[in-house]
Amino acid sequence: MTDKKNVCVITTGRCDYGLLRGLMREINRDERLKLQVIVSGMHMEKGFGNTCRFIEQDGFRIDKRIPVSLTGTEALAACRSLARGCAGFGPAYRALKPDMVVVRGDRYELL
């Protein structure tokens, strides 16, 4: 058997997690694949319920948590969030060495 392929799934909120959960289960079941999970965005915000716990309650290990701070509504706040995300995702990818990255969503923190 060859080495497992690392499939990194990124989720930033309950909505995209709900759509990705089935895929994550299938990745876990496939002996050729190793699931890696990165959480960011709304999952890590107290004001949105700190929903990381739902992922863990479903039995998934969170490999990396990348806070982006989603406070503020002006454009500058979004730019700051994107900068924090870039600063966090680079080292996460270096550490996890994913063969594939799966994202689902249309929010700016996934950029």
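1. Arginine 29 and glutamate 26 join their side chains in a salt bridge, with 2.5 Å from N to O; the term is used here for a side-chain nitrogen of Lys or Arg within 4 Å of a carboxyl oxygen of Asp or Glu. Both residues belong to helix H1 (residues 14-29), and because they are 3 residues apart there, about one helical turn separates them. Helices (H or I, at least four residues) and strands (E, at least two) are DSSP runs, numbered from the N terminus.

2. The model is a predicted one, in which local features need pLDDT of at least 70 and side-chain atom pairs count only at pLDDT 80 or more, while totals for chains, interfaces and linings use all residues. Residues are numbered from 1 along each chain as its sequence is written, and side-chain values use heavy atoms, with hydrogens and water left out.

3. The classes are buried for under 20% relative accessible area, exposed for over 50%, and partly exposed in between (1.4 Å probe, protein chains only).

4. A search of the whole structure gives 5 salt bridges. Among them, glutamate 56 pairs with arginine 65 at 2.5 Å, N to O; glutamate 56 is partly exposed with a relative accessible area of 38%, and arginine 65 is partly exposed with 41%.

5. Aspartate 63 and arginine 61 likewise meet through their side chains in a salt bridge, at 2.3 Å from N to O. Arginine 61 has 52% relative accessibility, so this residue counts as exposed.

6. As for disulfides, understood as pairs of cysteine sulfur atoms within 2.5 Å, the count comes to 0. Cysteine 15 is exposed, with a relative accessible area of 63%, and cysteine 86 also counts as exposed, at 56% relative accessibility.

7. On the surface, Tyr93, Val101 and Val103 make up a nonpolar patch whose accessible area is about 230 Å² together. Patches consist of residues with over 30% relative accessible area and no salt bridge, like charges being joined within 9 Å and nonpolar side chains (Val, Leu, Ile, Met, Phe, Trp, Tyr) within 5 Å. Accessible areas come from the Shrake-Rupley method with a 1.4 Å probe, and for residues only the protein chains shown count as cover. Valine 101 sits in strand E4 (residues 100-102) and, at 38% relative accessibility, counts as partly exposed.
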